Amino acid sequence: MPAPNTFFIETYGCQMNKADSASIRALLIERGMHESNEASSSDVVIINTCVVREHAEERIYGRLGHYRHIKERINPRLKVVITGCISRFSRERLISEYEVDIVADVYRQADLADRIASGLWEERTLNENGPYRFKPSEIDPAHPFKAFVSITHGCDNWCSYCVVPKVRGPMVSRASQDIIAEVKRLVENGVKEITLLGQNVNSYGQDIDDKSFVDLLVSLNGIMNNGWLRFLTSHPKDFSRELADAVIDLPSVCEHVHLPVQSGSDRILTLMRRKYTRADYIEKVSWLRARMPDLALSTDIIVGFADETDAEFEETLSLLREIRFEDAYLYHYSEREGSLAANEHIEYDAAAAKARLSRLIDVQRAFAAETLRRSIGKKMKVLVDGVARDKDSLIGRSRENRMVVVPNTHRIGDIISVTATELRGHTFIAV
């Protein structure tokens, strides 16, 4: 079989996965391949996977069934490659049940690109081999003014519901001099917004003798040239007063913090192995809100973990009422094979969890709408990044990470100052 010429990438999960896909894309293009807009007619389909939740894993199996059909009925030359978190999680099943051509560990991106571009399909696995090597961030031609820069990889926290340490490995921090050099390169090439990525991004530097996360932000602030810095995702146990001050005091750092709380109950937080209390979390938020009351705060919450009681669920609702998150990613607990909770056979009530989630969504939706409405009439800075659904306007995100529709008199890639005049759902209309 001749070496493949075209590839198509599907990406699921977090921004880390999106950054990994950008690296794989660049490596394949370097090797002479071309990215296709149509999966069914491509030579190779690469699925970059997520298994943090059961639904994400089942979705991958559904996509593999879809591509099996394409191989049998439409495109027999199609090769299917799996990488990302599922590669360590279900390698044998992927090969035996779904006949995947290559299952590649997230550590082996360059080796994977070599195999694909050379058409080497005999060996069907690429397992972990040596320490993680950070890849240079690639500028997306569709959004050349934005970039993601990975500064840590993996996780050491072992929250009891989570499999990230199992599928991503221990936390590894990238050398600060490499990060600074990369951000300089991106800024010199016209990038205006950089998002620093890590499973626990504010734990940066704890495993090496280098800068702290706050010191890194200070260094990067000095080279952003009026651009914007964001970071995802923070762990509350490592969110310090110094970091709160840096968010507020450093001009390049955007006024938005994503800080997953997971539960409002101390007992549930202990069972989750989160290593902070409700009071700890509220104090950390107070460091931000005392100096910047309008700072946008988002979070993650899981309901129905273990034997969570109605009273403990009410504690989570009361935390929402107290903090008033602008946005929240809400989930009911589902057991993940390989997590500490699954290994310990922690029982849970799936029906109760789903009912609580429905109520939680209703409460959070109301709080979010109320919080967002306070910004009507206020000025905001927006990075314009695309065409709105109506095709007659443009759309972008503010420094607070709010979605904003603006007149098409502006240009994509510009940072503009506008006034919010209306709120439709969770999207502002501005002039």
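Which residues line the largest cavity? Keep in mind that this is a predicted model. The lining is made up of V52, R53, Y161, I302, H332, Y333, S334 and R336. By class, that lining has 4 nonpolar, 2 polar and 2 charged residues. The largest cavity holds about 60 Å³ of space. How many cavities of 30 Å³ or more does a search of the whole structure find? The search finds 1.

Two or more lining residues come from each of β13 (296-303) and β15 (379-387). β15 gives the most, with 3 residues. Sorted by class, the lining of this pocket has 12 charged, 7 nonpolar and 2 polar residues.

On to the sheet. Strands of a sheet pair through backbone hydrogen bonds, either parallel or antiparallel. Here, 3 strands form an open sheet with parallel pairing, in the order β7-β10-β11. β7 (146-150) and β11 (228-232) are the edge strands, each pairing on one side only. From one strand to the next, the twist averages 25°.

Take one pair. β7 and β10 (residues 193-197) are joined over 5 bridges. V149 has L196 in β10 as its bridge partner.

Last, the helices. Helix α1 (residues 15-30) packs on the sheet and touches β7, β10 and β11. Its direction makes about 100° with that of β7. Helix α7 (residues 176-188) also packs on the sheet, touching β7 and β10. For α7, the angle with the direction of β7 is about 170°.

Terms used. Residues numbered from 1 in each chain as written. Predicted model: local features only at pLDDT ≥ 70, side-chain atom pairs only at ≥ 80, totals over all residues. Heavy atoms only, no water. Helix = DSSP H or I, 4+ residues; strand = E, 2+ residues; numbered from the N terminus. Nonpolar A, V, L, I, M, F, W, Y, C, P; charged D, E, K, R; others polar. 1 Å grid on protein atoms, 1.4 Å probe; cavity = no way out; pocket = protein on both sides within 12 Å on 5 of 7 lines; lining within 4 Å. Points joined across faces, edges and corners; volume = space filled by probe spheres on them. Pairing = 2+ DSSP bridges. Axes fitted to C-alpha atoms, helices over the stretch in contact; angles between N-to-C directions. Contact = heavy atoms within 4.5 Å.
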